[in-house]
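Thanks, everyone; please have the sequence and the model open while I talk. I will go through a few side-chain contacts and then the sheet around them.

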Amino acid sequence: MPLRRSKEQILSTMNGVKFLMEDGPTEVPCRATPELLADRFGSSGNHEGDEEVFRRHRVAIEQAASDKYDAGEIEPQIDPKVIVTANDMASPLSRKM
């Protein structure tokens, strides 16, 4: 079942931007890595830059999180459960390289 946005709030940390998705009544904590935000979307690397880039590309990042969740690619022992990396959002051709 695809995840849906749970809350509008985000939290920028040194480990990236945290955001909440939901699977029915269950909240699923997610995180976009700093590498994703910088390499894929050109963030300056500071909290403000990461937040701006995340908000601009939020729908695509949330879709990548949902795809990972649906594929069972979750972190069972840590929070957040879904971590979206630059590789998760790379084109299929660039993943093969």
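E22 forms a salt bridge with R4, and the closest N and O atoms are 2.4 Å apart; by salt bridge I mean a side-chain nitrogen of Lys or Arg within 4 Å of a carboxyl oxygen of Asp or Glu. The pair links distant parts of the chain, since E22 sits in strand β2 and R4 in strand β1 (residues 4–13), 18 residues apart. Helices (H or I, at least four residues) and strands (E, at least two) are DSSP runs here, numbered from the N terminus. E22 is buried, with a relative accessible area of 17%, where buried means under 20% relative accessible area, exposed over 50% and partly exposed in between, with a 1.4 Å probe and protein chains only.

Before I go on, a word on the source: this is a predicted model, in which local features need pLDDT of at least 70 and side-chain atom pairs count only at pLDDT 80 or more, while totals for chains, interfaces and linings use all residues. Residues are numbered from 1 along each chain as its sequence is written, and side-chain values use heavy atoms, with hydrogens and water left out.

How many salt bridges does a search of the whole structure find? It finds eight, and one of them joins the side chains of E8 and R58 at 3.9 Å, N to O. This pair, too, links distant parts of the chain, with E8 in strand β1 and R58 in helix α3 (residues 58–70), 50 residues apart. R58 also meets E62 in a salt bridge, at 2.8 Å from N to O, and because these two residues are four apart in helix α3, about one helical turn separates them. Are R58 and E62 buried or exposed? Both are buried, R58 with a relative accessible area of 5%. Through shared partners, salt bridges join R5, E8, R58 and E62 into one network.

Turning to the rings, the structure holds one aromatic pair. It is formed by F19 and F54 and is tilted, at 5.0 Å centre to centre and with 45 degrees between the planes; rings of Phe, Tyr and Trp (its six-membered ring) pair if their centres lie within 6.5 Å, and planes under 30 degrees apart count as stacked, over 60 as edge-to-face and the rest as tilted. F19 belongs to strand β2 and F54 to helix α2 (residues 47–56), 35 residues apart. F19 is buried at a relative accessible area of 2%, and F54 is buried at 0%.

That brings me to the sheet, which is open, has four strands in the order β1-β2-β3-β4, and shows mixed pairing; two strands pair if DSSP finds at least two bridges between them. Strands β1 and β4 stand at the edges, each with a single partner strand, so one side of each is left without a neighbour in the sheet. Strand β2 (residues 16–23) pairs with strand β3 (residues 26–32) in the antiparallel sense over seven bridges, with K18 opposite R31 in β3 and E22 opposite E27 in β3. The two strands form a hairpin with two residues between them, and G24 in the turn has a positive phi of about 65 degrees. By contrast, β3 and strand β4 (residues 82–84) pair in the parallel sense over three bridges, and there C30 stands opposite V82 in β4.
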